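These are my notebook entries on a single structure. I record what I looked up and what each look-up returned.

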Amino acid sequence: QVQLVESGGGLVQAGGSLRLSCAASGRTFSSYAMGWFRQTLGKERERVAAISWSGGSTYYADSVKGRFTISRDNAKNSVYLQMNSLKPEDTAVYYCGAATTDWAPYEFWGQGTQVTVSS
């Protein structure tokens, strides 16, 4: 079991940057694969980025490649999403998710943090 709490969302102008953080509780955080997802009203939750338990493997959706960077610090039980060159279409609620293995479905979620990008 792991509890997740996101922070770092806010309002930013197009072209700006934000850094999202996800703090996890639980002794086994370092064994979890972690991901960032986003969702807008009426749309399905979209996986934006993911990172393996070791940090050695990452995934990015095509829409954010080259602009977003996911990282983790297992010593701090945290995962981050650095978002640069933000676009209005990046506006969404961003969620942190955890999976027990690199191939398992995500089963633990944070409460979400709102990111709004103005044009």
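What is the relative accessible area of R38, and is R38 buried or exposed? I find R38 buried, with a relative accessible area of 8%; buried means under 20%, exposed over 50%, and partly exposed in between, with a 1.4 Å probe and protein chains only.

Basis of the entries. The model is predicted, so I take local features only at pLDDT of at least 70 and side-chain atom pairs only at pLDDT 80 or more, whereas totals for chains, interfaces and linings use all residues. Residues are numbered from 1 along each chain as its sequence is written, and side-chain values use heavy atoms, with hydrogens and water left out.

Entry 1: E46 is partly exposed, with a relative accessible area of 30%. R38 also meets D90 in a salt bridge, at 2.9 Å from N to O. I noted the positions: D90 lies in the loop between β8 and β9 and R38 in strand β4, so this pair ties together parts that are 52 residues apart in sequence. Strands are DSSP runs of E with at least two residues, and helices are runs of H or I with at least four, numbered from the N terminus. D90 has a relative accessibility of 0% and counts as buried. Through shared partners, salt bridges join R38, E46, R67 and D90 into one network. I also looked up K65, which forms a salt bridge with D62, the closest N and O atoms being 3.2 Å apart. Both K65 and D62 are exposed.

Entry 2: R72. I located R72 in strand β7, which covers residues 68-73. The R72 side chain reaches the backbone oxygen of Y32 at 2.7 Å and the backbone oxygen of F29 at 3.1 Å. Leaving aside neighbours within four places in sequence, I list among the contacts of R72 (heavy atoms within 4.5 Å) S30, M34, I51, W53 and V79.

Entry 3: nonpolar cores. I define a core as a set of buried Ala, Val, Leu, Ile, Met, Phe, Trp, Tyr and Cys residues joined through side-chain atoms within 4.5 Å. The largest has 30 residues, of which L4, M34, W36, L81, M83 and Y94 touch the most other members. Among the elements that give two or more residues to this core are β3 (18-25), β4 (33-39) and β9 (92-99). A second, separate core has six residues, including A33, F37, A99 and Y106. For L81 I also looked up contacts beyond four places in sequence, and these include L18, L20, W36, F68, I70 and Y94.

Entry 4: aromatic pairs. The whole-structure search returned four aromatic pairs; rings of Phe, Tyr and Trp (its six-membered ring) pair if their centres lie within 6.5 Å, with planes under 30 degrees apart counted as stacked, over 60 as edge-to-face and the rest as tilted. The rings of Y32 and F108 have centres 5.9 Å apart and planes at 75 degrees, so I class the pair as edge-to-face. Y32 lies in the loop between β3 and β4 and F108 in strand β10 (residues 108-109), 76 residues apart. Both Y32 and F108 are buried. Y106 and W109 form a tilted pair, 6.2 Å centre to centre with 40 degrees between the planes. W109 is partly exposed, at a relative accessible area of 33%. Ring pairs link F37, Y106 and W109 into a cluster.

Entry 5: backbone angles. I checked phi at N77 and found a positive value of about 50 degrees, although N77 is not a glycine. N77 lies in the loop between β7 and β8. S85, also a residue other than glycine, has a positive phi near 50 degrees. I place S85 in the loop between β8 and β9, partly exposed with a relative accessible area of 40%.

Methods: A polar contact is a pair of N or O atoms within 3.5 Å; within protein, one must be able to donate a hydrogen and the other to accept it, and residues adjacent in sequence count only if both atoms are side-chain atoms. A salt bridge is a side-chain nitrogen of Lys or Arg within 4 Å of a carboxyl oxygen of Asp or Glu.
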